[in-house]
Amino acid sequence: MDIPSNHSNHDALWLPFTANRQFRSTPRMLVSAHGMYYKDDRGHDVLDGCAGLWCVNAGHTRPRIVEAVQKTVATLDFAPAFQMGHPLAFEAADRVARLAPGNLNHVFFCNSGSEAGDSALKIALAYQRLRGEGTRTRLIGRERGYHGVGFGGISVGGISGNRKLYGTMLGGVDHLPHTLDLERNAFSRGQPEHGAELADALERIVTLHDASTIAAVIVEPMAGSTGVLPAPKGYLKRLRDICTKHGILLIFDEVITGFGRLGASFAAEKYGIVPDIMTVAKGITNGTVPMGANIVSDTVFDAFMQGPPEAIDLPHGYTYTAHPIACAAAIATLDTYAEEHLFERAAALTPYFEDAAHSLRGLPNVVDIRNEGLVAGIELAPRDAKTTRAYEIFDRAFHEGVLLRYTGDIVAVSPPLIVEKAEIDRIFETIGRLIRQVA
Ligand SMILES: Cc1ncc(COP(=O)(O)O)c(C=O)c1O
């Protein structure tokens, strides 16, 4: 047991999304990180197969980011963002907006993907009202969607385990069907062929509720947390067209897919579909400092700029909105991504990564392998036991020096974009060996 023993109360820390009592019996402790590796409390290297939590896209403790954070904390430790500005905030917003496609030119900062999700929903509702469409109060999410843990996010989210304990949540929410179709699409490489027509469910929702009641649709362009579900080919385009036709805002949750994960700045860029609002977090600061953002279109932004100039246009924000240290980290992160061409690197590595992932096909209980960019999900058959095979693989892999993610029966891989081919091999060899062990 390597939980610090000089602490008087070992029960003080309550870990999120964790079986806390199980964890205490077999703790997994990280004490430092560099490049592709963590070090655990036994001094062992742990290869980071999931970029921390889908966020450390440039690898760990990158000097440029560390220096920017150190310098800023010693120069401007905090600055309020309500009625105040500081240069790093404007620079960070400009840099993020430049990276975003189309007319997504305005950036509203927050501190996490969850806050970004809830902020996007509020902006969408306010936008509709400001343009005289105040009856548009419904929000549409998707089954298996993950938009963080705020009440807005879980309401439009579609992972039942994250919802069922929390009462009625937001009213007036409906959900599109999820896009997983093992019968037609199992072992797809990249975007699956079948399922574009699932976007037409939005037409049915419009028929049911009437477009005049619907403010926005929010989806992840590739559902991550639920177990890696790339959108079927043509699906996002159909969703975009239906939203445009009915005056519904389209929100892409790019908290995972942004900043190079799929081999482009954003999924929106990769697929050539521009939403009205994009939510981002995680890779925006390479995970070093909490930060999230909404990137909104000119049209959405302009709707807020019509009232008297002295009136507050968006009564929303956080104490730590555009925190100087987060802004400094974001700028240094975007510099690192650009200098090292990491998004292009991810795109170039994708075929190798894809082959490595699909080499696990045929192993016991492997029912599907899905991938897009530097993300892969390996789905295993369910079994009748207290823990899933995927959990056991995750736990054993950690003790063997490879950090993975798991959700239910799915093992997820999403390494930093600096990963080398030998490390890709090691990640998938480890998973393959453990799949046999837990069979
Ligand atoms: C798609 C998506 N949206 C939102 C979030 C929530 O982000 P955070 O945990 O920073 O609140 C996540 C986190 O994994 C995510 O994957």
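Predicted model: local features only at pLDDT ≥ 70, side-chain atom pairs only at ≥ 80, totals over all residues.
Elsewhere in the model, four strands form an open sheet of mixed pairing, in the order β1-β2-β3-β15. The edges of the sheet are taken by β1 and β15, each of which pairs on one side only. Strands β2 and β3 run antiparallel and are joined by three bridges, and lysine 39 stands opposite aspartate 45 in β3.

| Strand of the sheet | Residues |
|---|---|
| β1 | residues 30-34 |
| β2 | residues 37-40 |
| β3 | residues 45-48 |
| β15 | residues 402-403 |

Helix α14, residues 389-400, has 12 residues and reaches 16 Å from its first C-alpha to its last, which is close to the 16 Å expected at 1.5 Å a residue. Which residues of α14 are buried? They are Arg389, Ala390, Ile393, Phe394 and Ala397, and because they cover an arc of only 140° around the axis, they lie on the same side of α14. An α-helix has 3.6 residues a turn, so residues three or four places apart point the same way. The buried residues of α14 pack against strands β14 (375-380), β15, β16 (405-407) and β17 (410-413), and also against helix α15 (421-437). After α14 comes glycine 401, whose phi is positive, near 95°.

Definitions and conventions
Residues numbered from 1 in each chain as written. Pairing = 2+ DSSP bridges. Helix = DSSP H or I, 4+ residues; strand = E, 2+ residues; numbered from the N terminus. Expected span 1.5 Å × (residues − 1). Buried ≥ 20, exposed ≤ 12 C-beta atoms within 10 Å, placed from the backbone. Arc of directions from axis to C-beta. Contact = placed C-beta atoms within 7 Å.
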